[in-house]
Amino acid sequence: HKFIVDLETYLRTVSGCNENTTAKFIQTFKAIIIKAKNNGWIIADPFANYRIRIKRVDRGYLTEKEIATIAEKEFPTKRLEQVRDIFIFCCYTGLAYSDVAALRQGNIQKMFDGRLWIVTHRQKTKTNVNVPLLPMAKKILEKYNWEEADKDAPILPVVSNQKSNAYLKEIGDICGVEKHLTFHLARHTFATTMTLGKGVPI
């Protein structure tokens, strides 16, 4: 127990981790301890009197006005324009960064209603995802000629997650949007502004 408390203190002070990042490291350590206990390598559970605390974070979302400001902005460089397009695409589809990076031509299919849908599965959880292609998302795909893409190649010009987040910060500054732009914010925007805000049940 003392080791866990000392580890938490180390992560919060020396490593400079915030509360939730510290909790994630402790959770990983706990998984190792559980394996050790299950294999009979240790008898006592050092986590017996320790509670992992995760702070609830409101990541927020973009309003329709903020989305329009970003979508309509003309950028001086192609890299910013491309990252903006992919961010807006995520706002209209709810896909995470890794899911967009994995999109291939075969993931865009005509469904029962005669419209195009994104048919894929989440990289993180491996659960199936079927999302109707809203006009704005379709427009972005058409801009990058998705139908002419190699079937094994990405249909959108996705750069690394690290670069994307750096460029999103730049985009936020240029557009005067004070919220911290991330691809996770795009998912929250889809869930809130694009669906709940329009009466679509969760």
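Here are a few friendly points on the strands and salt bridges of this predicted model.

1. Let's begin with the strands β1 and β2. Strand β1 covers residues 108–110 and strand β2 covers residues 116–121; the two run antiparallel and are joined by 3 bridges. To find one of these contacts on screen, pick Lys110, whose bridge partner in β2 is Leu116.

2. Now follow the chain from β1 into β2. These strands make a hairpin, with 5 residues between them. Have a look at Gly114 in that turn, where phi is positive, at about 80°.

3. Strand β2 has another partner as well. Over 5 bridges, β2 pairs with strand β3, residues 128–132, again in the antiparallel sense. A handy landmark here is Thr120, which stands opposite Val129 in β3. Between β2 and β3 there are 6 residues, and the two strands form a hairpin. Its turn holds Lys126, which has a positive phi of about 65°.

4. While you have the strands in view, here is a general idea to keep in mind. Side chains in a regular strand alternate between the two faces of the sheet.

5. On to the charged side chains. The model has 9 salt bridges. One of them joins Lys179 and Glu66, with 2.8 Å from N to O. This pair links distant parts of the chain, 113 residues apart: Lys179 sits in the loop between α7 (161–175) and α8 (183–195), while Glu66 belongs to helix α3, residues 64–72. Lys179, at 33% relative accessibility, is partly exposed.

6. Next, look at Asp85, which takes part in salt bridges with Arg84 and with Lys143. The N to O distance is 2.9 Å for Arg84 and Asp85, and 2.7 Å for Asp85 and Lys143.

7. Lys143 counts as partly exposed because its relative accessibility is 40%, which falls between the 20% and 50% cut-offs.

How values were computed: Residues numbered from 1 in each chain as written. Predicted model: local features only at pLDDT ≥ 70, side-chain atom pairs only at ≥ 80, totals over all residues. Heavy atoms only, no water. Pairing = 2+ DSSP bridges. Helix = DSSP H or I, 4+ residues; strand = E, 2+ residues; numbered from the N terminus. Salt bridge = Lys/Arg side-chain N within 4 Å of Asp/Glu carboxyl O. Buried < 20%, exposed > 50% of the residue type's maximum accessible area, 1.4 Å probe, protein only.
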